[in-house]
Structure formats: C-alpha cells, structure tokens
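Here are my notes on the model, point by point. Please read them with the structure open.

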Amino acid sequence: CGLLWLCHVLPFRGTDIERASGACKAVIREHGFEPNLAFLNISDRALRLFVALVYDRDQPGADERALACEERLALALE
C-alpha cells in the first residue's frame, strides 16, 4: 500500500474551499488517482484541507505518479 498526504490551511470561505477542492480533484484525476479530500475546521476563520493519495505500490510506475501528483498538488495549493 502506498500513502502520501498533504495538509493545507485555507481561509474558511466558500470561494477558497471550492477553488482548492476543484484544483485538487483535477490534479489527482490527471495522475490517475481517486480524489480523497477531508476538511477540518480549526477556527471560525480557517480550516485544514487533508489530501490523501492511496495507491498500490506494486503497480508499475505508481510511486512515480504519486510523487508527481503530490508535487503538483503542493503547487496548486500555493
């Protein structure tokens, strides 16, 4: 089993949540994975976005795709 994850803090506003989740879903699907997103409010002004990439490490090229996806996700959430 392969697992990579990111945690990003967002403003607790609908536009920011929609932008971040849409960008994450697009990047994850481009790399051939299923989106797995979770949000956790940490205050009335901010929330955490958790992104998990879960994959089969025995599949050829999966590690490389996951690492490339993680890198693109980090850039998309800047």
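How many helices and strands are there in the protein?

1. Overall fold. This is a predicted model. The protein has two helices and three strands. Along the sequence, they come in the order β-α-β-β-α. The radius of gyration is 13 Å, close to the 12 Å that the globule rule gives for 78 residues, so the protein is as compact as a globular protein of that length.

2. Dimensions and surface. Taken along the principal axes, the C-alpha atoms fill a box of roughly 45 × 20 × 15 Å. Of the 78 residues, 31% count as buried.

3. Contacts along the chain. Take the contacts between residues at least 6 apart in sequence. Of these, 63% join residues at least 24 apart.

4. Length of helix H2. Does the span of H2 agree or disagree with 1.5 Å a residue? Helix H2 covers residues 62–76, which makes 15 residues. These should span 21 Å. The end C-alpha atoms are 21 Å apart, so the span agrees.

5. Faces of helix H2. Which residues of H2 are buried? They are Ala-62, Ala-66, Cys-69 and Leu-73. Seen down the axis of H2, these buried residues fall within an arc of 60°, so they line one face of the helix. On the other side of H2, the exposed residues are Glu-64, Glu-71 and Leu-75.

6. Cover over H2. What covers the buried residues of H2? The cover includes strand S1 (2–11), helix H1 (14–30) and strand S3 (46–55).

7. Phe-39. This residue sits in strand S2, residues 37–41. Phe-39 has a relative accessible area of 38%. Buried means under 20% and exposed over 50%, so Phe-39 counts as partly exposed. Leaving out residues up to four places away in sequence, Phe-39 touches Leu-10, Ile-17, Ser-21, Leu-47, Arg-48 and Leu-49. Phe-39 and Gln-59 are 20 residues apart in sequence. In space, their C-alpha atoms are 29 Å apart.

8. Ser-21. One of the residues that Phe-39 touches is Ser-21, which is found in helix H1. Is Ser-21 buried or exposed? Ser-21 counts as buried, because its relative accessibility is 13% and the cut-off for buried is under 20%. Not counting residues up to four places away in sequence, Ser-21 touches Leu-37 as well as Phe-39.

9. Aromatic pairs. How many aromatic pairs does a search of the whole structure find? The search finds two. One of them is formed by Trp-5 and Phe-50. A pair of aromatic rings is described by the distance of the centres and the angle of the planes. For Trp-5 and Phe-50, the centres are 6.3 Å apart and the planes are at 40°. This pair is tilted. The pair links distant parts of the chain, with Trp-5 in strand S1 and Phe-50 in strand S3, 45 residues apart.

10. Exposure of that pair. Trp-5 is exposed, because its relative accessible area is 54% and exposed means over 50%. Phe-50, at 27% relative accessibility, counts as partly exposed.

Definitions and conventions:
Residues are numbered from 1 along each chain as its sequence is written. This is a predicted model: local features need pLDDT of at least 70, side-chain atom pairs count only at pLDDT 80 or more; totals for chains, interfaces and linings use all residues. Side-chain values use heavy atoms; hydrogens and water are left out. Helices (H or I, at least four residues) and strands (E, at least two) are DSSP runs, numbered from the N terminus. The expected span of a helix is 1.5 Å times one less than its number of residues. Buried means under 20% relative accessible area, exposed over 50%, partly exposed in between (1.4 Å probe, protein chains only). The arc is that of the directions from the helix axis to the C-beta atoms. Contact means heavy atoms within 4.5 Å. The radius of gyration is taken over C-alpha atoms; the globule rule is 2.2 Å times the number of residues to the power 0.38. Rings of Phe, Tyr and Trp (its six-membered ring) pair if their centres lie within 6.5 Å; planes under 30 degrees apart count as stacked, over 60 as edge-to-face and the rest as tilted.
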